[in-house]
Amino acid sequence: MAISLFDLFKIGIGPSSSHTVGPMVAANQFAHQLDNRSLLPQVKRIKIDLYGSLGATGKGHGTGSAVLMGLEGELPDLIDPSRVAERVAQIETTAQLALLSTHAITMNVATDLIYHRIDRLDFHANGLVLVAFDEHENVIHDATFYSVGGGFIVQEDESGKVAIVEDDTELPHVFHSAETLIKLCQEQDKSIAQIMLENEKTWRSEAEIKQGILSIWAVMRECVQAGIRSEGILPGGLKVKRRAASLHRDLMSKTRMDMITPSLGAMDWVNLYALAVNEENAAGGRVVTAPTNGAAGIIPAVLHYYWEFCPRSCEEGVIDFFLTAAAIGLLFKENASISGAEVGCQGEVGSACAMAAAGLAAATGGTPAQIENAAEIGMEHNLGLTCDPIGGLVQVPCIERNAMGAMKAINSASMALRGDGTHFVSLDKVIRTMRDTGRDMNDKYKETSRGGLAVNVIEC
């Protein structure tokens, strides 16, 4: 299966790629299926059932709102995040939804949008079923989708089997493991970024690829700035205070001599960048899946560290960062998972940490072996990380966890660059270990809010 960099890095809205981005796309596809089958005029009502992690934490993760917006024809990369709450409130008040913005149907959110907190579907923990009825309450179309992490979705076919439509594009450089990727680099005398660039050119021109990457970087930078500008309390009921704005004011008031002290310096700025992104994500703002929304702050924070604090930083370095990070991300997605609902937070923050470490090592001149080592260190020290959001909200411990993941990524790259690339545990073995650990992990630690901090901390 061929996966592009632009499949991993998608522009969307918070607070969760698997809970908002994926379900919005699924609902949008369902609405267009009705339209393509000329069934739209017959639809009177639609019922949505959310299962597994979507049912357990969907309210806190904004899944219901995302599905409603998708049915109205919205898509994550184009929707205006600032109008979502108002539009959802209008649907709840009037019990009317504009299917694809053109056809009014009945939508009683209290009875037609069901969160199944315990039940789950067989294929994946993030399942949603949409059913359309006519005026006589006859079913005229139904579909089952799975949001499998990072905004990716798959759909069951009519026989109940999951219809995964794979991109069978033939790539010039095929790799399914880090070992193969390193060998390709050696045989072709190319960097990981160059290998990825040639693969990406299967879909787009080099100019389009580079411009697309810089556009994603621009969205990440704007997300940081939006987080810095915003103050107040995050939505959801936990009354978590946004910290990025006050931290930014404090850092801006310091002199360079102040920054020499152990408590200050570049790391404080990295914390700021990560907190700003993940506060925006928690508030439903515009973010980039990197590779998921729950871990969206790690790569932007490390990229900002490269841009602001690394000598000779440049746009070509940013491009190499993205291409290299994407290569590592593809290995995680293909050989394990990037879904917190499937393998815990090790699949989200762990994967993002490894990708960021590899990207930073590449942008600062690391060899393919050093880059692989950086990614391995980043993942190894996130193994077993559970996903236990308090109140089902992507706030505690998620926001701070991104700051910690960014710190780990920078240290991982630094450690790898101090060596020659040789190390004891390979990235492939760490990815395999993460997959096996995720399979063994109790479901209550996989984005259900039924274990860990989610049950040991009183919500107040």
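User: Of the contacts in the chain with a separation of 6 or more, what share comes from residues 24 or more positions apart?
Analyst: That share is 75%. Bear in mind that this is a predicted model.

User: OK. How many helices and strands does the chain have?
Analyst: There are 19 helices and ten strands.

User: And why call the chain as compact as a globular protein of that length?
Analyst: The globule rule gives 23 Å for 460 residues, and the radius of gyration here is 22 Å, close to that value, so the chain is as compact as a globular protein of that length.

User: What does the C-alpha trace span along its principal axes?
Analyst: About 70 × 50 × 45 Å.

User: What percentage of the residues is buried?
Analyst: Buried residues are 57% of the 460.

User: Switching to charges. How many positive and negative side chains are there?
Analyst: The chain has 38 positive and 56 negative ones. The centres of the two sets lie 5 Å apart.

User: How many salt bridges does the structure hold?
Analyst: It holds 19. One of them pairs Asp-49 with Lys-47. Their closest N and O atoms are 2.6 Å apart.

User: Is Asp-49 buried or exposed, and why?
Analyst: Asp-49 counts as buried because its relative accessibility is 7%, and the cut-off for buried is under 20%.

User: Which residue does Arg-249 meet in a salt bridge?
Analyst: Arg-249 meets Glu-231, at 3.0 Å from N to O.

User: Where do those two lie?
Analyst: Arg-249 is in helix 10, residues 244-252. Glu-231 is in the loop between helix 9 (206-229) and helix 10. The pair therefore ties together parts that are 18 residues apart in sequence. Arg-249 itself is partly exposed, with a relative accessible area of 46%.

User: Which residues do salt bridges with shared partners join into one network?
Analyst: Lys-201, Glu-206, Lys-210 and Glu-316. Within that group, Lys-201 forms a salt bridge with Glu-206. The closest N and O atoms of Lys-201 and Glu-206 are 3.7 Å apart.

User: How accessible are Lys-201 and Glu-206?
Analyst: Lys-201 has a relative accessible area of 42%, so it is partly exposed. Glu-206 has 31% relative accessibility and also counts as partly exposed.

Conventions. Residues are numbered from 1 along each chain as its sequence is written. This is a predicted model: local features need pLDDT of at least 70, side-chain atom pairs count only at pLDDT 80 or more; totals for chains, interfaces and linings use all residues. Side-chain values use heavy atoms; hydrogens and water are left out. Helices (H or I, at least four residues) and strands (E, at least two) are DSSP runs, numbered from the N terminus. The radius of gyration is taken over C-alpha atoms; the globule rule is 2.2 Å times the number of residues to the power 0.38. Buried means under 20% relative accessible area, exposed over 50%, partly exposed in between (1.4 Å probe, protein chains only). Contact means heavy atoms within 4.5 Å. Lys and Arg count as positive and Asp and Glu as negative; His and the chain ends are not counted. The place of a charge is taken as NZ of Lys, CZ of Arg, CG of Asp or CD of Glu. A salt bridge is a side-chain nitrogen of Lys or Arg within 4 Å of a carboxyl oxygen of Asp or Glu.
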